[in-house]
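Trainee: Could we take a close look at one part of this model together? I'd like to see how its pieces sit next to each other.

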Amino acid sequence: MTGPTANGDVPSSKFLNRLSSFPAVSTGIEAVKSNPVTAAPLAVAKRTSLLFAAPVFPLASLSYFMLEPLIEPVMKRLDTAAHDSLSRIESTWPLIKEQPEHIKAEVEYLVFLPLTKSKERKDYVSSTYSNEYSHCGKGGIMTVGRALICTQLIVLSDGLLWIKSMLSGGNEQKSVAVKSGT
């Protein structure tokens, strides 16, 4: 589907056109073409393919034109199937239509999310312990023990309240509104 047909038309692929319209893909293609590390091997591959394909191309195109009635419907079905798959992927993950910088930021956020959340939890427990330690007394093993037990109870209570809010799915807000008369 890349060479000209008998009447001179150049066939196009809906799948490849749509894939190259995504900002991340087009940016990636441009980066590969402009990078000197990848541009040199691409140029060598192009020259080599032209060197070896040029003598064989008339014979290959002749056999392609003879087989075109058999190949063309299959290629069109494959292109349509790939295009439809790309539509499903695009509807499932709309992020692929975004700019590469936005995709990078989203991926970084998701990768570092466990680290960020664990740091937040550590800070929460540490501040809760410091607060309870200051409320429990002047020091010593009993003060540390009381602060540790109080911290565990507070963290457990907050965790259970969070689980309750997740399981109730907003029903708690409705019941509060009913009780207050609004």
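Trainee: At roughly what angle do the axes of helix 1 (residues 14-21) and helix 3 cross, and within what distance do they come?

Mentor: Quick ground rules: this is a predicted model, where local features need pLDDT of at least 70 and side-chain atom pairs need 80 or more, while totals for chains, interfaces and linings use all residues. Residues are numbered from 1 along each chain as its sequence is written, and side-chain values use heavy atoms, leaving out hydrogens and water.

Now your pair. The axes of helix 1 and helix 3 cross at roughly 30° and come within 8 Å. The axes are lines fitted to C-alpha atoms over the stretch in contact, with angles from 0 to 180 degrees between N-to-C directions. That makes helix 1 roughly parallel to helix 3 (under 35 degrees is roughly parallel, over 145 roughly antiparallel, 65 to 115 roughly perpendicular, the rest oblique). By helices I mean DSSP runs of H or I, at least four residues, numbered from the N terminus.

So who touches whom? From helix 1, K14, F15, R18 and L19 meet D79, T80, A82, H83, L86, S87 and E90 of helix 3, where contact means heavy atoms within 4.5 Å. Sorted by type, the residues of this contact are 4 nonpolar, 3 polar and 4 charged. Here Ala, Val, Leu, Ile, Met, Phe, Trp, Tyr, Cys and Pro count as nonpolar, Asp, Glu, Lys and Arg as charged, and the others, Gly among them, as polar.

Let's zoom in on A81, which is found in helix 3 (residues 36-92). A81 and F15 are 66 residues apart in sequence, yet their C-alpha atoms are 8.7 Å apart in space. A81 counts as partly exposed, at 41% relative accessibility; buried is under 20% relative accessible area, exposed is over 50%, and partly exposed is in between (1.4 Å probe, protein chains only).

For a contrast, hop over to T151 in helix 5 (residues 141-168). T151 is buried, with a relative accessible area of 5%. Skipping neighbours within four places in sequence, T151 is in contact with V125, T128, Y129 and E132. T143, A147 and S168 of helix 5 are buried too. Just after helix 5, G169 takes a positive phi of about 65°.

Definitions and conventions. Helix = DSSP H or I, 4+ residues; strand = E, 2+ residues; numbered from the N terminus.
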